[in-house]
Amino acid sequence: GGGPAPYQGLCGAADAPALSIPGGPGGGPGAAAPAAAAPPAFDMASSGEDTSNDEDVPPAAVAMAAGAHLLGFSDEILLHILSHVPSTDLVLNVRRTCRKLAALCLDKSLTHTVLLQKDYEASEDKVKQLVKEIGREIQQLDMAGCYWLSGATIEHVARCRSLVKVNLSGCHLTSLRLSKMLSALQQLRSLAIDVSPGFDAGQLSGECKATLSRVRELKQTLYTPSYGVVPCCTSLEKLLLYFEILDRTREGAVLSGQLMVGQSNVPHYQNLRVFYARLAPGYINQEVVRLYLAVLSDRTPENLHAFLISVPGSFAESGATKNLLDSMARNVALDALQLPRSWLNGSSLLQHLRFNNPFYFSFSRCALSGGHLIQRVIDGGKELRSLASLNLSGCVHCLSPDSLLRKAEDDIDSSILETLVASCRNLRHLNLSAAHHHSSEGPGRHLCQLLARLRHLRSLSLPVCSVADSAPRADRAPAQPTMHAVPRGFGKKVRIGVPSGPGPFPGQAGPQPSSVFWSLLKSVPFLERLELIGSNFSSAMPRNEPAIRNSLPPCSRAQSVGDSEVAAIGQLAFLRHLTLAQLPSILTGSGLLSIGLQCQQLQSLSLANLGMMGKVVYMSALSDMLRHCTRLKDLRLEQPYFSANAQFFQALSQCSALQRLCLVSRSGTLQPEAVLAFMARCLRVVVCHMFTGESLATCKSLQQSLLRSFQAERPALNVVIFPLLHEGLTNVIRDVPMVHLDEITLFKSRVAEEPPNLWW
């Protein structure tokens with residue numbers, strides 16, 4: 001028991017009644033899991049839940065704990081517990097506590113794969129020491145998004161001579177450093193890197209190119225027009241391209257794909273099985289991706305089984321792309337498909353493409369009718385057990401007959417959805433957002449009732465109007481409030497979060513509402529990601545569309561979805577990610593408390609435009625909810641006139657695992673003193689992004705104060721405080737690390753956005 005402070009007494013029976021393991025997916029860094037509170041040790045270790053409250057511990061468990069001892073667990077259980085500890089802590093701290101843990105911490109199951117992604121406490125010195133001690137054992141290394149580490153530290157990866165797979169996306173790498181590192185990694189078969197301005201393939205050594213010639217999987221994020229290392233990778237089987245090139249430089253110069261003229265432009269695609277390209281908005285990204293596709297159009301790889309191009313907006317076909325699609329229709333059978341909407345709209349392409357055992361389809365924003373969906377995609381109702389992920393976001397006609405004259409208020413054809421559900425029973429990810437899917441009257445015909453048959457769902461995105469019970473009618477009585485909902489009317493006032501009388505214990509089931517949405521959620525209890533997004537919602541800071549200041553009003557059907565429906569989400573005990581956007585009928589936000597009490601696995605929460613737009617009606621309920629979100633890591637709030645005051649930050653301080661915060665509020669305000677106090681209390685917060693109505697001077701002063709106070713102790717700290725409507729916002733956003741920009745700062749739907757397990 002002579003190890004570092006957090007682990008002192010870890011192995012002594014008398015002086016260590018509790019096990020303290022920082023990190024891991026369950027409780028986050030520093031989560032405590034006392035052995036005394038967990039007679040079944042395996043459950044305690046895997047859940048990571050804080051069970052340190054002695055009042056909740058049964059007397060029998062306390063008696064058992066008197067003779068309990070960490071090292072009494074089997075090696076298998078100990079290895080399972082240790083697998084939840086960050087690699088830096090495992091090797092540099094836990095390993096030094098005693099001989100047995102020293103041996104277990106170096107077990108191949110723990111050193112074979114090292115994940116440093118989002119390990120924000122991994123400093124330069126820790127990473128260097130980690131590589132020094134176990135570098136020879138590491139075969140897979142994920143350092144994606146480690147933007148705070150210097151290039152000199154990243155260069156230490158060259159010591160991991162046994163590396164087979166490495167992800168360096170978001171890391172600082174020059175051409176020379178990349179060359180030196182790859183020259184030493186002769187076993188490498190999978191690589192992920194960024195290609196930034198200044199990259200020069202001519203600086204890559206012969207040894208580096210020899211390593212690249214053996215790489216079979218390449219993920220390349222482009223910030224400048226370039227082929228990167230693709231021409232050197234002659235054995236590619238999987239190519240993932242992310243185009244994040246801005247149309248103009250910081251100085252205002254216009255970029256062009258012609259900058260690539262003269263570069264080596266002979267990518268080797270003959271062995272390619274997977275081609276994926278995701279484009280950020282901008283014409284330059286489209287111009288550059290055409291150069292990559294030109295080679296594919298000459299000769300389509302015979303083994304190609306996944307072809308995916310994600311483009312926001314329109315992307316006109318060219319002669320080369322038409323030749324490519326014709327060749328694909330003749331020569332390959334696909335398992336995954338995503339094409340720009342302009343390539344599919346009005347085209348008979350789907351009729352000619354062949355599919356083998358498809359696992360992913362994305363027709364986002366396409367004018368795909370229900371008839372085409374049934375006849376051309378699922379072959380007239382043929383059973384597709386292999387299909388795991390389906391993205392129909394923005395497909396306004398996909399659940400309607402062939403007529404494209406459908407109006408938003410028209411009902412869907414339930415027989416189309418019924419055929420889809422019957423054919424794709426193993427769907428795990430389904431996105432139906434950004435469209436009006438209204439159900440007609442009649443038993444068993446509602447969208448929620450049909451989706452309830454998809455028992456394997458793990459992520460689901462729906463428009464708010466689609467979960468309304470039926471069309472509003474004047475003769476229908478209002479729905480009764482569910483558990484934790486605040487009664488409406490002039491009755492006795494109820495403090496949110498304070499029981500007013502006998503009621504169900506938070507862990508027990510309350511009164512069961514009769515809404516179809518409640519029934520749907522009951523049928524998919526293992527759902528991990530849920531999005532309820534208004535059909536007309538437009539974010540002030542979107543990821544893939546231009547920002548629109550004057551958004552459309554909510555759908556009339558969405559007026560029937562309020563606090564009761566939000567409270568129904570509390571049934572999802574395994575929910576990890578939740579997005580609620582444009583719910584105009586939120587009156588108090590009382591349903592949020594139900595989520596906070598019961599969804600104890602919740603890790604990311606995104607709320608946008610709830611209730612009346614001119615007033616924040618749910619502040620009290622949100623404060624009560626946050627006090628129970630002990631595992632929340634990411635919080636994004638987008639709400640006009642939001643007041644980020646001391647009350648809000650005091651409640652947010654209860655989220656002990658919080659790492660990233662983004663606040664977007666037109667005409668919103670903030671209290672600098674409250675922000676500083678919050679950051680001082682929440683030691684794990686490394687991202688603080690606030691875009692409000694405050695003045696530029698106020699924003700700059702607060703940002704400088706935060707960096708001056710906390711950057712030394714938090715190496716990954718990223719602070720952006722800026723006026724939302726300021727003309728300089730674009731230049732500020734371009735400096736945000738891509739990992740944060742893509743995951744929390746900018747709004748987008750994430751369900752079925754990419755094929756599952758596309759990379760890591």
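Which residues does Ser523 touch, not counting residues up to four places away in sequence?

Reply: Ser523 touches Ala452 and Arg455, with residues up to four places away in sequence left out. A contact here means heavy atoms within 4.5 Å.

First, the ground rules. This is a predicted model, in which local features need pLDDT of at least 70 and side-chain atom pairs count only at pLDDT 80 or more, while totals for chains, interfaces and linings use all residues. Residues are numbered from 1 along each chain as its sequence is written, and side-chain values use heavy atoms, with hydrogens and water left out.

Back to the serine. Ser523 sits in helix α18, residues 516-523. Helices (H or I, at least four residues) and strands (E, at least two) are DSSP runs, numbered from the N terminus. Ser523 counts as buried because its relative accessibility is 14%. The cut-offs are under 20% relative accessible area for buried, over 50% for exposed, and partly exposed in between (1.4 Å probe, protein chains only). The Ser523 side chain also reaches the backbone oxygen of Ser519, at 3.0 Å.

Now the confidence. pLDDT, the predictor's confidence in each residue, runs from 0 to 100. The protein averages 86, and 83% of the residues score at least 70. Over residues 473-511 the pLDDT is below 50; this stretch has 40 contacts in the model beyond near neighbours in sequence.

Next, Arg543. It lies in the loop between β14 (529-533) and α19 (563-568). A relative accessible area of 7% is why Arg543 counts as buried. Its side chain makes a polar contact with the side chain of Asp742, at 2.8 Å. A polar contact is a pair of N or O atoms within 3.5 Å; within protein, one must be able to donate a hydrogen and the other to accept it, and residues adjacent in sequence count only if both atoms are side-chain atoms. Beyond four places in sequence, Arg543 touches residues including Glu244, Arg278, Asp742 and Phe747.

Then the second largest pocket. Its volume is about 1000 Å³. Of its 41 lining residues, the closest to the centre are Ser364, Arg365, Ala434, Asn544 and Glu545. Strands β7 (274-279) and β8 (306-310) each supply at least two lining residues. On a 1 Å grid over the protein atoms alone, a pocket is an open set of points where a 1.4 Å probe fits, with protein on both sides within 12 Å along at least five of seven lines; lining residues have an atom within 4 Å of a point. Points are joined across faces, edges and corners, and the volume is the space filled by probe spheres set on them.

Further out, Tyr641. It is in the loop between β17 (634-638) and β18 (643-644). Tyr641 is partly exposed because its relative accessibility is 43%. Arg666 is 25 residues away from Tyr641 in sequence, yet 6.2 Å away in space, C-alpha to C-alpha. Among the residues Tyr641 touches beyond four places in sequence are Met613, Val616 and Arg666.

Last, the cysteines. The whole structure has zero disulfides (a disulfide is a pair of cysteine sulfur atoms within 2.5 Å). For Cys233, the nearest cysteine sulfur is that of Cys232, 6.4 Å away. For Cys655, it is that of Cys629, 5.4 Å away. Cys655 counts as buried because its relative accessibility is 1%.
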